[in-house]
Amino acid sequence: MALQLKIIIASTRPGRVGPTVARWVEDFAREQGKFDIELVDLAEVGLPLFDEPKHPMLQQYEHEHTKRWSKTVGEGDAFVFVTPEYDYFPPASVVNAIQYLSKEWTGKPAGIVSYGGVSAGLRASQVLRQLLSNLNVVALSQSVPIPFTANFLGEDGVFRPNEPMVQGAGLMFNELHKWAVGLKNMREAQAQA
């Protein structure tokens, strides 16, 4: 069973480290060999502030950017959000991107890799987990918090995790795969019913 994993870079801020952390997450996921992977950068997706006239639940999208985003999320069987914390909250860009859609998220698992200072983005992670759960996403309790992110960036700009981060990522991806398999089977059974 081919499972599609979308790794979503939440921050769109110039100078962000999200893409650097996300590349490590992508490499780690590829080494696991359990998913077909797409790295999705919200800065490249370029969604404006939610601008669809009809509620996302109806899936009657008028704008091409929404149709493309719907296709990207709809193809996913699992998600990992790579997010910083701004003012104890996830970036507005990822909240906006999530709220653009509804049914495309339903019945799929999501993990979170959060980064920041001393709190490692954990408060943003909690808020994001709640928002995802409101859309019937199975938001995993296993996450990968990265404190003092700059301490793990080499002079070459490459993110180099410590052992607890690597172990945490392993636990998260094992759990994500279990949920992705079970939920995909459930979605397929519901579609055939």
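Modeller: Start with Ser11. Leaving aside neighbours within four places in sequence, Ser11 is in contact (heavy atoms within 4.5 Å) with Arg16, Asp41, Pro84, Tyr86, Pro91, Ser93 and Tyr115. This is a predicted model: local features need pLDDT of at least 70, side-chain atom pairs count only at pLDDT 80 or more, and totals for chains, interfaces and linings use all residues. Residues are numbered from 1 along each chain as its sequence is written, and side-chain values use heavy atoms, with hydrogens and water left out.

Colleague: Is Ser11 buried or exposed?

Modeller: Ser11 is buried, with a relative accessible area of 1%. Buried means under 20% (1.4 Å probe, protein chains only).

Colleague: What lies 3.3 Å from a polar atom of its side chain?

Modeller: The backbone nitrogen of Arg13.

Colleague: New topic. Where is Asn96?

Modeller: In helix H4, residues 92-99. A helix here is a DSSP run (H or I) of at least four residues, numbered from the N terminus. Asn96 is buried too, with a relative accessible area of 9%.

Colleague: Which backbone oxygen does its side chain reach?

Modeller: That of Pro48, at 2.9 Å. Not counting residues up to four places away in sequence, Asn96 touches Leu47, Pro48, Leu49 and Phe50.

Colleague: And H1 with H6, how do they cross?

Modeller: The axes of H1 (residues 18-32) and H6 (residues 163-192) come within 11 Å and cross at roughly 60 degrees. Axes are lines fitted to C-alpha atoms over the stretch in contact, with angles from 0 to 180 degrees between N-to-C directions.

Colleague: Which residues meet there?

Modeller: Among them, Trp24 and Phe28 in H1, and Met165 and Phe173 in H6.

Note on methods. Helices (H or I, at least four residues) and strands (E, at least two) are DSSP runs, numbered from the N terminus. Buried means under 20% relative accessible area, exposed over 50%, partly exposed in between (1.4 Å probe, protein chains only). A polar contact is a pair of N or O atoms within 3.5 Å; within protein, one must be able to donate a hydrogen and the other to accept it, and residues adjacent in sequence count only if both atoms are side-chain atoms.
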